[in-house]
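Thanks for coming, everyone. Please have the sequence and the model open while I talk.

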Amino acid sequence: VVMVLFTASAALSMHAGLSMHSARRFHDAHMALSLHGSQQSRSPLVNWYANELGVPLQMQPPRPSNHPFDQVPFLTDDGVEVFESGAILLYLADKYGGYTTPQERASYTKWVVWTNSELDGLCFGAVPGDHRVRGTSMDKPELRSVGRLDTILGEREWLVGDTFSVADVAVGSYLNYVPIFFQNADLSRTRNIAAYMQRCAGRPAFVEAFGEQHAALVQAKTSAWLGQSSQGANANAFWQKLGL
């Protein structure tokens, strides 16, 4: 079930990207956005944020599309075409998130860009031009960026104004792929990151976008890293159930 959260505070709604104004503005458009994608790609990032906004997406097959490099995800919106998951997130935030000033845009744009430029490599070992999964560095708090992110997430619940936003969709999505790709990853030394991952995976819009199995595995792994015995004991059982 898609959850659209409306609050009495206009400022809070603006930072969360879930304002009544933006929802009405979308429904007045009378047409759904189309997303070419697949569950095995980074398309669920886009689905997650659209779910949070209450913006319906009409899912299309990965191909054919007008993507210049024949990849996914690829979004079309009333003649506008956007590719790259980060660019799509920014487009949705700009058009439907209720942000109106350059200052507000700067608060989340920097995190989305950082996710694509640095967090990608930290999470998966990707290098420019080659996105093959090589290994994760998120279990190495001695690395400057990993340690700093862990400190930041120990100071706040969410990245922008301590309110959930598109920045959390970008960062949280990448982080929550780590236990999916790396069974032996252990983020017990970056507990704030692990707790943040758990918060993200607990959001209904995340579960709807990524699937119950993905969310449950993240919950089990982060619980194990955090020493939450009630769920942590089930982490290995999830891997065994998946045959991994």
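What covers the buried residues of α9? The list includes α3 (43-53), α6 (144-155), α7 (166-175), α8 (178-181), α10 (204-210) and α11 (212-225).

Some ground rules. This is a predicted model, where local features need pLDDT of at least 70, side-chain atom pairs count only at pLDDT 80 or more, and totals for chains, interfaces and linings use all residues. Residues are numbered from 1 along each chain as its sequence is written, and side-chain values use heavy atoms, with hydrogens and water left out.

Now the terms. Buried means under 20% relative accessible area, exposed over 50%, partly exposed in between, with a 1.4 Å probe and protein chains only. Contact means heavy atoms within 4.5 Å. Helices (H or I, at least four residues) and strands (E, at least two) are DSSP runs, numbered from the N terminus.

Back to α9, residues 191-201. Its buried residues are I193, A194, Y196, M197, Q198, C200 and A201.

Next, α3. Here 11 of 11 residues are buried. Among them are P44, W48 and E52. Their cover includes β1 (33-36), β2 (57-60), α4 (85-96), α7, α9 and α10. After α3 comes G54, with a positive phi near 80 degrees.

How do α3 and α7 cross? Their axes come within 10 Å, at roughly 145 degrees. Axes are lines fitted to C-alpha atoms, for helices over the stretch in contact, and angles run from 0 to 180 degrees between N-to-C directions. On the α3 side, L45, W48 and Y49 make the contact. On the α7 side, the residues are V166, D168, V169, G172, S173 and Y174.

Now the sheet. Four strands form an open sheet, in the order β2-β1-β3-β4, with mixed pairing. Strands pair if DSSP finds at least two bridges between them. β2 and β4 (80-83) stand at the edges with a single partner strand each, so one side of each has no neighbour in the sheet. Neighbouring strands are turned by 20 degrees against each other on average, direction ignored.

Last, the hairpin. β3 (residues 74-77) pairs with β4 in the antiparallel sense, over four bridges. T76 has E81 of β4 as its bridge partner. For D77, the partner in β4 is V80. Two residues lie between the strands, and D78 takes a positive phi near 50 degrees.
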